[in-house]
Every structure is written in C-alpha cells, then in structure tokens.
Amino acid sequence: MTVVLWILAILAVPTLIFFGWMAWVFLKEFFSPSPDEDTTAAEAAQKLGLLPAERQNTKNAGPLPAGWKAALGRVADGDWQAAAELLRGIGRDWDRRSMAVSFLSGLAAEDDTWLLAWESAHPDDPDAAVVRAASTVSVAGQLRGAKRAEYTTEEQFAGFHRMLRASREEIARAAALDPDDPTPYITEITVALGLGYPHSEMDKLWAEITARAPHHYEGHWRALQYWCAKWRGSEKLAMEFAEQAAAKAPLGSLLTVLPLIAHFEHDDSDDTEGDRTPEMVARVDAGLADAAAADPDHPRLPELRHLLAYYLSLQDRDEMAIEQFRLVDGHVNALPWRYRGSGERMTAYYCKIRDSSAQAVVAGADDTA
C-alpha cells in the first residue's frame, strides 16, 4: 500500500506543476494583460509621431495649396468672385487648374447659385464655362449614384446618360472659349466612361489632351481608368497605356504612378506575392525617384506618395514606407485607401498598413538598441 501511495505521489507532481504554471499565467494576464497586436502597432505609430485615426482628413489626399481652403470656403458661401480669382491666379498651370476646377465643380453640383451669378456677370468667361462643364458631369454622377450597376435603377441610368449627353455641349463651349486649355477634354473622359466611347473616339480625345498637356497627371489618371477592364479596356490595355506613358514622361512628372495604379486596379489576389516581385520593386523604386525629382508643391504629389507607402509596406521596406507615410500623414483620401470605403473604413485601412510598418520599424530599433 505504501508503495502505491509513493507511486501516486510521484505521478501527482507533474500535474501539480502544470496546474501551478497555469495559475501563474492566468494571474499574470489578469493583472498585466499582454497588449494585442493592433494596440502594439498603434502604439508604435504614436511612438513615431504619426497621427491617430481620428485626426486623419478623409476629404483630400494631402494639404490643399496655399490659399485654396479660404477661397473654396468663400465660394461655398456664394462668392463667385473668389472662384474667378482662384482660377485667374492659377493661370496656365494645367495640373493645378484641373484640380481647382474639380473642387469648384463639386460645389456647383451641390448649389450653382454662385456660378449662375458669375455667368450672368461674364457670359463668355472661359473659367466659368469650364466649371459649368465639369459641374454638369458631376450632376450626372449624382443622378446615377455610387452603387454598383446591379443596384442602380433604370431611372437613375436614364438621368445619368441624359446629363452626360448634355455635358458634351458644355464641354465643347468651354473648349472653344479657351482653345489652349486641356481641362474640358480631360473632363470629357468621364463622359467617355459613362457613354461608352469606342476606342477610336477615345484616341481622338486623348490626342486633344496630349497636344495641350503631354504629361498632365489627372488626364493620364482618367485615361488609365478608361483602359481598365472595369470600364472600356482590359488589364493588358491598361498596363500597356501605363507603361508607355511612364516611359515617355520626364522625371518629376509623377507619371511613374501609372503602372502602380494599373497593377492595383487589376490585382484581386488575397496575398502580397504579386506586390513583391522584382518588377514591382523596380516600379516602386522608379516612383521614389520620380517623387524626389518632383516639385514639392505639385498638388498631385501626395497621391503618388500614398501608393509608394502602401507598396513599400507590402514589400517589407518598412523604414522607407514610414518616410512616405510621414509626408502624407493626416490625409487619407487616396488610392489604395479610398477603395476600401469612405470615412472610418478608409481611415482604418490606412492606419492598419501604416501601423504595421511602424511596428516593424520600432521593433527593429529596439533590437539594435
């Protein structure tokens, strides 16, 4: 009997040790819980001085050019002269002009009282005309709505197509009033998407744009959308357009972004293998050189930086990713974030990718300390 008790006692020791260890782990976690991965990543971003989600601007990709916020605020309050002064001050800077027209046309699509007053005061003002043309296209988009085709009614499509057809007359008028301006033709690319221009018609439209502004950022971005599979082209046509345009563009034009966008638009995989190929690494490197050579005040530079930060993060080039994130942090309305939704969803995706790179950078610094 004594021998049996000794055997049971010996067998009980490992069991007691196991339960003792479990109790210690429980008490440790209870009184000092381990932070989860998201919390650790967010803390790493904070340690690097990056802004929390609630401080991200979801309207723009980067800060507006100097004076624009005040001018657009005056226009929203009904002051058409502020719009006229803004475009007059921009002059022949076509990249800035198309961007300003986009903001102004959005305001006019909501309430065009100020634009009507401008047109009444100056009936043949080419600046007012180009805003009217772009706002008509914006109204068409509002009539259609932002939902996928299967969730859009026949009535919505009818209003969309009717307004797009009407916009062609406004676009032609704006182009006639300022023959040097590529903006009306760039605006028409959206019409080409919605009405389904054949490739031959798009080629003619593209020739009008490049004759006036051969390396125009927004013009290339919109044209690339046309050539994507989701609109009027295919993955092959989109990549061919992107690669050819990037190869012809001078350093600093930001058009190295086009192959990155073409890749992103057609990448439906759930892993990052396709984002880490030597070809993609080379595209990102070209983008970095392009960004470094660009005018620091180029209004579209933040859009390139957002994509560079994204792909650098996916490629585990985290320190370089954080360098780009620092330059755009505080603004998230850009690819790839805005394709995940608006508002909080867009911001959440931005912070998820950014914070993962921040966590890797902080961990690397701790390891070498």
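Glu235, Asp268, Asp270, Asp271 and Glu273 come together as a negative surface patch. Patches here are built from residues with over 30% relative accessible area and no salt bridge, like charges being joined within 9 Å; Asp and Glu count as negative, and the place of a charge is taken as CG of Asp or CD of Glu. The model is a predicted one, in which local features need pLDDT of at least 70 and side-chain atom pairs count only at pLDDT 80 or more, while totals for chains, interfaces and linings use all residues. Residues are numbered from 1 along each chain as its sequence is written, and side-chain values use heavy atoms, with hydrogens and water left out.

Asp270 is exposed, at 85% relative accessible area. Buried means under 20% relative accessible area, exposed over 50%, and partly exposed in between (1.4 Å probe, protein chains only).

An α-helix has 3.6 residues a turn, so residues three or four places apart point the same way. Just past α16, Gly330 adopts a positive phi of about 105 degrees.

Now for the salt bridges (a side-chain nitrogen of Lys or Arg within 4 Å of a carboxyl oxygen of Asp or Glu). The whole structure has 21 of them. In one, Arg96 meets Asp93 at 3.2 Å, N to O; Arg96 is buried at 18% relative accessibility, whereas Asp93 is partly exposed at 30%.

Arg97 pairs with Asp127, with 2.9 Å between the closest N and O atoms. This pair links distant parts of the chain, Arg97 in α5 (residues 94-110) and Asp127 in α7 (residues 126-144), 30 residues apart. Arg97 is buried at 1%, and Asp127 is buried too, at 12%.

Glu243 and Arg283 form another salt bridge, at 2.8 Å, N to O. Glu243 lies in α12 (residues 235-248) and Arg283 in α14, so the pair ties together parts 40 residues apart in sequence. Arg283 is buried at 11%, while Glu243 counts as partly exposed at 30%.

Notes. Patch = residues over 30% accessible without salt bridge, like charges linked within 9 Å, V, L, I, M, F, W, Y side chains within 5 Å. Areas by Shrake-Rupley, 256 points an atom, 1.4 Å probe, with all protein chains shown as cover. Helix = DSSP H or I, 4+ residues; strand = E, 2+ residues; numbered from the N terminus.
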